Amino acid sequence: MMHPNILEKYDIMVKQIPKILELSEDIEVGKNVTINVTEKLIIKSGAKIRDFCRIEGRDITIGENFVMNHHAEIGGGGAFEKSSKLTIGDNCHLGSYGIINTSKEVRIGNEVGMGRFTNLYTHGAWLNPLEGFPQSFGEITIGNKVWIP
């Protein structure tokens with residue numbers, strides 16, 4: 001059940017209110033959290049979003065008891081493309097300074113721990129592809145009960 005004044009309850013910088021917004025009443029949100037989601041944001045019961053986190057994208061569903069430690073980010077380059085979608089299962093953890101890039105779909109199962117500074121990218125390119133350098137894009141799927149240090 002969504003808290004009726006959920007956006008007033010927390011110290012969240014909301015750049016855009018998504019078309020579908022479902023935030024459980026018992027989530028905990030730290031200071032200086034930024035949320036910029038355009039289509040759908042669902043955060044289920046028991047989630048903890050710590051200080052200075054950033055959640056950006058088009059379609060994001062986060063399961064129960066998710067912990068996003070301080071300075072972690074969801075989104076990044078391509079986060080508002082039609083291909084952008086993130087689904088995180090129950091009892092997952094994203095460590096401090098971790099990044100989940102969502103330019104393509106990312107599916108994370110239940111009981112997944114991602115340690116400090118873990119970076120998941122749905123694209124790989126550094127030098128200019130117009131000059132012949134390689135680039136690649138792809139979805140990410142992580143199963144259940146996985147630890148990524």
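**Close-up views of a predicted model**

**View 1. Aspartate 59 counts as buried, at 12% relative accessibility.** Here, buried means under 20% relative accessible area, exposed means over 50%, and partly exposed is in between (1.4 Å probe, protein chains only). Aspartate 59 pairs up with lysine 40 in a salt bridge, with 3.6 Å from N to O. Since aspartate 59 sits in strand S6 and lysine 40 in strand S4, the pair ties together parts 19 residues apart in sequence. Lysine 40 itself is partly exposed, at 21%. To count as a salt bridge, a side-chain nitrogen of Lys or Arg must be within 4 Å of a carboxyl oxygen of Asp or Glu. Strands are DSSP runs of E, at least two residues long, numbered from the N terminus.

A quick note on what you're looking at: this is a predicted model, where local features need pLDDT of at least 70 and side-chain atom pairs count only at pLDDT 80 or more, while totals for chains, interfaces and linings use all residues. Residues are numbered from 1 along each chain as its sequence is written, and side-chain values use heavy atoms, with hydrogens and water left out.

**View 2. Arginine 50 reaches glutamate 28 in one more salt bridge.** Their closest N and O atoms are 3.6 Å apart. Arginine 50 is in the loop between S5 and S6, while glutamate 28 belongs to strand S3 (residues 28-29), so you're seeing distant parts of the chain linked, 22 residues apart. Both ends are partly exposed: arginine 50 at 30% and glutamate 28 at 39%. In total, the structure holds 6 salt bridges.

**View 3. Arginine 54 and glutamate 56 bring their side chains together in a salt bridge.** The N to O distance is 3.4 Å. Arginine 54 is partly exposed at 29%, whereas glutamate 56 is buried at 12%.

**View 4. Ile55, Ile74, Ile100 and Ile108 have the most contacts inside the largest nonpolar core.** That core has 32 residues, and it is a set of buried Ala, Val, Leu, Ile, Met, Phe, Trp, Tyr and Cys residues joined through side-chain atoms within 4.5 Å. Among the strands that each supply at least two residues are S2 (20-23), S4 (33-43) and S6. S4 gives the most, with 5 residues. Zoom in on isoleucine 74: its contacts include Met68, Leu86, Leu94 and Thr102, with residues up to four places away in sequence not counted. For a contact, heavy atoms must be within 4.5 Å.

View 5. The whole structure has 0 disulfides, which would need two cysteine sulfur atoms within 2.5 Å. Cysteine 53 is buried at 1%, and cysteine 92 is buried at 2%.

**View 6. Phenylalanine 52 and lysine 145 each have a positive phi.** Most residues other than glycine have a negative phi. Phenylalanine 52, at about 65°, lies in the loop between S5 (48-49) and S6 (54-62). Lysine 145, at about 55°, is in the loop between S17 (140-142) and S18 (146-148). Phenylalanine 52 is partly exposed at 42%, while lysine 145 is exposed at 64%.

Methods:
Helices (H or I, at least four residues) and strands (E, at least two) are DSSP runs, numbered from the N terminus.
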